[in-house]
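Dear colleague,

Please find below the structure that I am handing over to you.

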Amino acid sequence: MDKKDYPVITLRRGKEESLMRFHPWVFSGAIECMDNSIEEGDVVSVVSHDGRLLGTGHYQIGSIAVRMLSSGSEVIDSRFYHDRLAEAFRLRSGALNLIRDDNDAYRLVHGEGDFLPGLIVDVYGHTAVLQAHSPGMHYARNMIATALTEIEGAGIRNVYYKSETTLPYKASLDPQNDYIIGGYDTNIAMENGLKFHVDWLKGQKTGFFVDQRDNRDLLRRYAGGRRVLNMFCYTGGFSVYAIKGGANLVHSVDSSAKAVALTEANVEINFGDAAPHKAFAEDAFKYLADMQPDMYDLVILDPPAFAKHRGAIKNALRGYQRLNAKAMEKMPSGSVLFTFSCSQAITKEQFRLAVFSAAAQTGRRVRILHQLSQPADHPVNIYHPEGEYLKGLILYIE
Ligand code: SAH
């Protein structure tokens, strides 16, 4: 195929520097001028003020104006998506060894971390769940879906598109939640030999939080003989690993009755009805306020993102402090706390400071045993540190 002449966005003098350091975004303030024909979602060429080609990307109205797809003049067609997706699959199946008889749930595409900004793809068995976070990826969805089914060895037969909540609201985009290719076969996925019902139709995000896989496995190693509280359980991922690890008792709590039912189903499918498990539909803060002290010697706190944008950081940090203090003050000496933040707007240091404040406020002696992050199928592009969003601490409380 011939090189295409994409419409051009010209940057202000000096604004080419971050692109030359491979940062994948162009902010609107960096733009000097752009071709009149450019519409939201278009593929554009980005050039410096003196006309040097800096790369190719998707244009979008907003503070992030271009998400870069290539630092050259590649044609963004089905072959482009095919090659990028195949490369993403090679990492998961090769170095990461995530596609095994006992594991078929993984993130295939993590946006900028896989050089496909605006795109998320999670795979559950033969089904890929695709989320577009940019109009450009929305318009490319059919090409991407076809390319997904063509990745050799991935066995993807069904592609479910789920972008109603991830696209910026614009009626003209007509976001949809539907199968683009194939349809429903099974919704049971396997993670480290454990089975999970994944509800991509109605569940949050793509239906399951694959990003906690490694941390759940670590929890399994700590759970033996302990009484476990899994707060914000959602699908019960941590609960299932805790039972697998030999916990004496596991209590799962979520304010959503649907999440509680899903957790119960996931415990049942792995262990039958004899597992030492109970689930409660309750508000976290209320549950922690009402519970007896010393009831649990392993607590997991994995709340939803408290800060969805930068303006909410201060309140979010107070929220993390309050939540962690509520748990810490009731935990016995020698207990273990797994505590997380998935707010991208909050840094590791800020989160750690909030947890430090909780420890100081409750006067407990607290040591950090592990510092946790996201797993390798959520890679962070080193030129785009913003891609690191999940942070966690395992604490020993005396
Ligand atoms: N730990 C889970 C993911 C948690 S997602 C996993 O490993 O998969 C966050 C969950 O918190 C959601 O299921 C949501 O229903 C629940 N939630 C939100 N606010 C809550 C509150 N105030 N009290 C209890 N649960 C809450």
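Of the 398 residues in the protein, 54% are buried. Please note that this is a predicted model. The accessible surface of the protein amounts to about 17,600 Å², and carbon and sulfur atoms contribute 50% of it.

As to overall form, the C-alpha atoms fill a box of roughly 65 × 45 × 40 Å along the principal axes. The radius of gyration is 23 Å, which agrees with the value near 21 Å that a compact globule of 398 residues would have. The protein contains 10 helices and 20 strands. Among contacts with a separation of 6 or more, 64% join residues 24 or more positions apart.

Helix α6 spans residues 237-244 and is mostly covered, with seven of its eight residues buried. The buried residues are Gly237, Phe238, Ser239, Val240, Tyr241, Ala242 and Ile243. Just after α6, Gly246 adopts a positive phi of about 90°.

Helix α7 covers residues 257-271 and includes Asn266. Is Asn266 buried or exposed? Asn266 counts as buried because its relative accessibility is 0%, and the cut-off for a buried residue is under 20%. Beyond its neighbours within four places in sequence, Asn266 is in contact with Lys195, Phe196, His197, Thr235 and Val240. Val240 is also one of the buried residues of α6.

Which atoms of the protein lie 3.1 Å or 2.6 Å from an oxygen or nitrogen atom of the ligand?

- Arg216: an N or O atom in its side chain is 3.1 Å from an oxygen atom of the ligand.
- Phe232: a backbone N or O atom is 3.1 Å from a nitrogen atom of the ligand.
- Asp254: a polar side-chain atom is 2.6 Å from an oxygen atom of the ligand.

Taken alone, the ligand exposes 580 Å², and the protein buries 87% of that area.

With kind regards

Definitions and conventions:
Residues are numbered from 1 along each chain as its sequence is written. This is a predicted model: local features need pLDDT of at least 70, side-chain atom pairs count only at pLDDT 80 or more; totals for chains, interfaces and linings use all residues. Side-chain values use heavy atoms; hydrogens and water are left out. Helices (H or I, at least four residues) and strands (E, at least two) are DSSP runs, numbered from the N terminus. Buried means under 20% relative accessible area, exposed over 50%, partly exposed in between (1.4 Å probe, protein chains only). Contact means heavy atoms within 4.5 Å. A polar contact is a pair of N or O atoms within 3.5 Å; within protein, one must be able to donate a hydrogen and the other to accept it, and residues adjacent in sequence count only if both atoms are side-chain atoms. Accessible areas come from the Shrake-Rupley method with a 1.4 Å probe; for residues, only the protein chains shown count as cover. The radius of gyration is taken over C-alpha atoms; the globule rule is 2.2 Å times the number of residues to the power 0.38.
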